[in-house]
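Here is a structure to explore together, one question at a time. Each answer sets a value beside the rule it is judged by.

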Amino acid sequence: MTYAGRVGNAKSYKDTKTSVQIFHKSKKLSFREVNSTFLSKYDAFLRSRGGTDGGVGVKMRAIRALFNKAIKRGIVKESLYPFKKYKISGLRGKGFKRALDFEEIMRIVNVDLNKHPHLVDTRNYFVFSFYTRGMNFAT
């Protein structure tokens, strides 16, 4: 993945691999061992360590992608696909969105950054985004 410039995706795959190895207590794991029961237990393991729907979902999507590639390449039979029973769609986060109130926004607008000049652009981007109601400013 890093060869394709997809560093974030590669990190996600690596983090998932490490996490599965900790859970499974082994470096080797066959596709046959990864069934819906395994995924449910792995889900519970992740949650017992503070995992959220979003974090569990990221790891499960990485495992699903690996399965899909293996099936496509003929490495594993489609009948072993565990995501027919274990559904990732049930992991949709119940995102807690909290807007800043006007006073908080004004504190950001008026913050004294003399001691932190490296934050001036960051503050300006935020203020611009606020004043333009979240308009994207891509080139």
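Q: Why is Asp 43 called buried?
A: This is a predicted model, and in it Asp 43 has a relative accessibility of 10%. Buried means under 20%, so Asp 43 counts as buried.

Q: What makes the meeting of Arg 47 and Asp 43 a salt bridge?
A: The rule asks for a side-chain nitrogen of Lys or Arg within 4 Å of a carboxyl oxygen of Asp or Glu. The side chains of Arg 47 and Asp 43 meet at 2.6 Å, N to O, so the pair qualifies as a salt bridge.

Q: Why are Arg 47 and Asp 43 separated by about one helical turn?
A: Both belong to helix H2, which covers residues 36-48, and they sit 4 residues apart there, which means a separation of about one helical turn.

Q: Is Arg 47 buried, partly exposed or exposed, and how do you know?
A: The relative accessible area of Arg 47 is 33%. Partly exposed covers the range between the 20% limit for buried and the 50% limit for exposed, so Arg 47 is partly exposed.

Q: What makes Asp 43, Arg 47 and Asp 53 one network?
A: Asp 53 also forms a salt bridge with Arg 47, and their closest N and O atoms are 2.7 Å apart. Salt bridges that share partners join Asp 43, Arg 47 and Asp 53 into one network. As for Asp 53, its relative accessibility is 18%; buried means under 20%, so Asp 53 counts as buried.

Q: Which residue forms a salt bridge with Asp 15, and how do you know?
A: The partner is Lys 11, with the closest N and O atoms 2.9 Å apart. The cut-off is 4 Å, so this pair counts as a salt bridge. Asp 15 and Lys 11 both lie in helix H1, 4 residues apart, about one turn of the helix. By this rule the count comes to 3 salt bridges.

Q: Why is Asp 15 called partly exposed?
A: Asp 15 has 35% relative accessibility. Buried is under 20% and exposed is over 50%, with partly exposed in between, so Asp 15 counts as partly exposed.

Q: Why is H1 called roughly perpendicular to H3?
A: Helix H1 (residues 7-24) and helix H3 (residues 53-72) pack at an angle of about 100°, and their axes are 9 Å apart. Angles of 65 to 115 degrees count as roughly perpendicular, so H1 is roughly perpendicular to H3. Among the residues that make the contact are Ser 12, Asp 15 and Val 20 of H1, with Val 58, Ala 62 and Lys 69 of H3.

Q: How do you know that Ser 12 is buried?
A: Ser 12, found in helix H1, has a relative accessible area of 16%. Buried means under 20%, so Ser 12 is buried. Leaving aside residues up to four places away in sequence, Ser 12 touches Val 58 and Ala 62.

Q: What makes up the nonpolar surface patch?
A: Leu 100, Phe 102, Phe 126, Phe 130 and Tyr 131 make this patch of about 510 Å². Helix H5, residues 120-131, gives the most to the nonpolar patch, with 3 residues.

Q: Why is Phe 126 called partly exposed?
A: Phe 126 lies in helix H5 and has 32% relative accessibility.

Q: What makes up the secondary structure of the protein chain?
A: The protein chain has 5 helices and 0 strands. Of its 139 residues, 27% count as buried.

Definitions and conventions:
Residues numbered from 1 in each chain as written. Predicted model: local features only at pLDDT ≥ 70, side-chain atom pairs only at ≥ 80, totals over all residues. Heavy atoms only, no water. Patch = residues over 30% accessible without salt bridge, like charges linked within 9 Å, V, L, I, M, F, W, Y side chains within 5 Å. Areas by Shrake-Rupley, 256 points an atom, 1.4 Å probe, with all protein chains shown as cover. Helix = DSSP H or I, 4+ residues; strand = E, 2+ residues; numbered from the N terminus. Buried < 20%, exposed > 50% of the residue type's maximum accessible area, 1.4 Å probe, protein only. Axes fitted to C-alpha atoms, helices over the stretch in contact; angles between N-to-C directions. Parallel < 35°, antiparallel > 145°, perpendicular 65-115°, else oblique. Contact = heavy atoms within 4.5 Å.
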